[in-house]
Amino acid sequence: MVAEKEGAFHKSSSSCDYTNGKWVHDKQGHLYNGTSCGTIKEGQNCISHGRADLGFLQWRWKPNQCSLPRFDPNTFLQLIRNKHIAFVGDSMARNQLESLLCMLASVSPPNLIYKNGEDNKFRRWHFPSHNTNVSVYWSPFLVHGIEKSNNGPNHNKLYLDRVDERWASDLDKIDQVVLSIGHWFLHPAVYFEGDSVLGCHYCPGLNHTEIGFYDVLRKAVKTTLKTIMERSGAKGKGIDVILTTFSPAHFEGEWDKAGACPKTRPYNEGEILLQGMNADMRKIEVEEVESAKEKAKRFLGFRLEALDVTKLSLMRPDGHPGPYMHPFPFANGVTERVQNDCVHWCLPGPVDTWNEILLEVMKKWDQGQSRKEE
């Protein structure tokens, strides 16, 4: 069990450690709400679903040693003018994407130009004002995977030596990719390298060696970053890669009982520690980004950063939909069983902060590029 304190962003004259800080009260509010933004997934539209304690909206992340500016949608759009930014991963990637879409749409409405797959798992929007495309690709492992189904085995199959081509085949058309995985690695799975079975995670009844999912997550991230580097870097095509670190869940009881994530305010510094699985998942992702940065030095135009949101997200147990993943769950009184979502984030909500930090990374990159061109 490892307690993590260091950040992926190390303080220097040109960067800020956004990892450590505190949530401070702030009444200025968000750029959008549940009715002004039309792309919020139903299950994360907490206010429209009847959540009455709106105090969770009145907090801002304040890093210890620098300031985090409010999100400026015009600046973000300017930085991705004539570009294609893609969010690739699990439902946390989608959560972050939908936050970004809402904030950008507050100044420039996008057009949905492509959708495919159940539950809108593959979509693309176009911002005509800046000739910009923003996409989401469902890929919960980043590597090739066969998801469990009602008709087949009750476990996932992961092929750790090759990426998921549903997104990777579009790499030559993508200028910036935001990756986000983690929670699906906790599910039962059998792991392959080539045609050989490496082992499995929670697969009683199968004659496979039980192996932990940490090494599997590391292999998946390593394969993904290596493939992006080789395909984009080797062709001399620049690409910016962001890996959003693991976002902790906040279940305090059973997922299908009232009060599964009942908190109504953030934790203070020191009230909760980043440790155990949350720390380990984050640590693997940050380490693999740092390792890939070293390898990427031989490729021109390949930029890579970890968006280290694990700790600031851990401190926001109040930001999840909880029972408000469904409309007005207590309209007929409190029932014994009620489904809760203590994994994803309400929109608007704490996930908007992830995109504030994303913008700061992009601004830092842009300033560095400008200095090189002078």
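Predicted model: local features only at pLDDT ≥ 70, side-chain atom pairs only at ≥ 80, totals over all residues.

Mentor: Asn20 counts as buried because its relative accessibility is 14%, which falls under the 20% cut-off. This residue lies in the segment before β1, the strand that spans 21–25. The side chain of Asn20 takes part in a polar contact of 3.0 Å with the side chain of Lys311. The Asn20 side chain also makes a polar contact with that of Asp17, at 3.4 Å.

From this residue we may turn to the domains. The chain is divided into domain 1, comprising 37–83, 99–116, 252–266 and 316–373, and domain 2, comprising 139–246 and 273–309. Their C-alpha centres are 24 Å apart. At the interface, twelve residues of domain 1 are in contact with 13 residues of domain 2. The area buried between domain 1 and domain 2 is about 1,000 Å², and carbon and sulfur atoms give 71% of that area. On the side of domain 1, Trp354, Leu358 and Trp365 supply 57% of the area buried against domain 2, more than any other three residues.

Lys364 forms a salt bridge with Glu305, with 3.6 Å between the closest N and O atoms. By class, the side of domain 1 that touches domain 2 has seven nonpolar, two polar and three charged residues.

How values were computed. Residues numbered from 1 in each chain as written. Heavy atoms only, no water. Domains from an automatic or database assignment. Contact = heavy atoms within 4.5 Å. Buried area = accessible area lost by both parts, 1.4 Å probe. Salt bridge = Lys/Arg side-chain N within 4 Å of Asp/Glu carboxyl O. Nonpolar A, V, L, I, M, F, W, Y, C, P; charged D, E, K, R; others polar. Helix = DSSP H or I, 4+ residues; strand = E, 2+ residues; numbered from the N terminus. Buried < 20%, exposed > 50% of the residue type's maximum accessible area, 1.4 Å probe, protein only. Polar contact = N/O pair within 3.5 Å; in protein donor to acceptor, adjacent residues only side chain to side chain.
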